[in-house]
Amino acid sequence: VKTAIFISGGGTNMAALLYASRLPNSAYEVVLVASNVPDASGLGLAAAEGVGTFARSHQGMSRPDHDAVMEQAARDAGAECIILAGYMRILTPEFTERWQGRMLNIHPSLLPKYRGLETHKRAIEAGDKVHGASVHLVSSELDAGEVLGQIEVRITQGDTPETLADRVKIAEHQLYPRVVNEYLGRANDPEHLLQKIRDLAL
Ligand code: GRF
């Protein structure tokens with residue numbers, strides 16, 4: 001399955017996904033890394049690894065116009081699936097609906113806990129013993145789509161949001177490629193949403 005990865009920052013999850021896609025029997029390949037932040041460092045890594053890149057700042061653009069530019073870049077690259085990996089933009093409901101079942105995100109909490117920002121800080125302040133990350137399908141409601149996989153990370157004494165975030169990221173790098181692979185590996189199953197969408201497009 002051809003995938004486009006959208007990033008806004010360092011792109012460590014993108015790197016984990018990209019390298020995992022080179023392992024034997026990967027269900028997906030990365031055809032594009034796109035960003036709303038033209039100097040996102042992950043773009044340089046993707047380019048150095050021979051992956052097509054695209055960047056367009058959202059500044060001075062309406063949300064629908066910026067979404068349309070990003071979506072067109074994904075389509076031009078032949079992407080059948082969009083993987084959000086630290087893409088710090090809320091997408092229009094029209095965009096998420098068009099890609100329903102073929103747009104995934106990773107969120108640094110055990111959803112449905114702590115949707116939105118500052119999840120590590122909120123988990124520590126709540127006195128939680130366990131935190132983690134979730135991969136979910138993207139729906140029009142923020143961080144609320146179907147959860148496809150989760151990984152737990154213990155909160156230890158003395159953890160700060162930063163130390164906890166560092167460990168959660170390591171865990172994310174294990175989780176995300178595996179869940180993407182499992183989900184897209186089923187894409188040829190007639191009951192899979194991606195297959196149904198392909199059938200409709202014929
Ligand atoms: C990750 O913690 C992810 O869960 C969140 O944004 C962060 C992205 O980090 N959505 P990176 O750019 O992949 O390093």
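The cover over the buried residues of helix H2 includes strand S1, helix H1, strand S2 and strand S3 (53-55); cover here is counted through contacts, that is, pairs of residues whose C-beta atoms, placed from the backbone, lie within 7 Å. Before going further, please keep in mind that this is a predicted model, in which local features need pLDDT of at least 70, side-chain atom pairs count only at pLDDT 80 or more, and totals for chains, interfaces and linings use all residues. Residues are numbered from 1 along each chain as its sequence is written. Helices (H or I, at least four residues) and strands (E, at least two) are DSSP runs, numbered from the N terminus.

Stay with H2 for a moment. It spans residues 41-48, and its buried residues are Gly42, Leu43 and Ala46. Why do these residues sit on the same side of H2? They cover an arc of only 105° around the axis, the arc being that of the directions from the helix axis to the C-beta atoms. On the face of H2 turned away from its buried side you will find the exposed residues Ala47 and Ala48. For these labels, a residue is buried if 20 or more other C-beta atoms lie within 10 Å of its own, exposed if 12 or fewer, and partly exposed in between, with C-beta atoms placed from the backbone. Just after H2, glycine 50 takes a positive phi of about 80°.

Now turn to the strands. S1 covers residues 2-7 and is mostly covered, with five of its six residues buried. Its pairing with S2 (residues 29-35) is parallel and runs over six bridges; two strands pair if DSSP finds at least two bridges between them. Right-handed means that, with the strands pointing away from the viewer, the path from the first strand over the helix to the second runs clockwise. Within the pairing, threonine 3 has valine 30 of S2 as its bridge partner, and alanine 4 has leucine 32 of S2. Alanine 4 also has a bridge partner in strand S4, namely isoleucine 82. S4 (residues 81-84) pairs with S1 in the parallel sense over four bridges.

S2 is mostly covered as well, since five of its seven residues are buried. It pairs with S3 in the parallel sense over three bridges, and valine 33 stands opposite threonine 53 in S3. S2, H2 and S3 make a right-handed β-α-β unit, which brings us back to the helix where we began.

H1 is the next stop. Its buried residues are Asn13, Met14, Ala16, Leu17 and Leu18, and what covers them includes S1, S2, H2, S4, S5 and H6.

Finally, let's visit some loops. In the one between S5 and helix H5 (119-125) lies proline 112, and the peptide bond from leucine 111 to proline 112 is cis, with omega near 10°. Tyrosine 114 lies in the loop between S5 and H5 too, and has a positive phi of about 55° although it is not a glycine. Is tyrosine 114 buried or exposed? Tyrosine 114 is buried, because 21 other C-beta atoms lie within 10 Å. Aspartate 143, in the loop between strand S6 (130-137) and S7, has a positive phi of about 55° although it is not a glycine. With 18 other C-beta atoms within 10 Å, aspartate 143 is partly exposed. Threonine 160, in the loop between strand S7 (147-154) and H6, counts as exposed, because it has 11 C-beta neighbours inside 10 Å.

Definitions and conventions
Contact = placed C-beta atoms within 7 Å.
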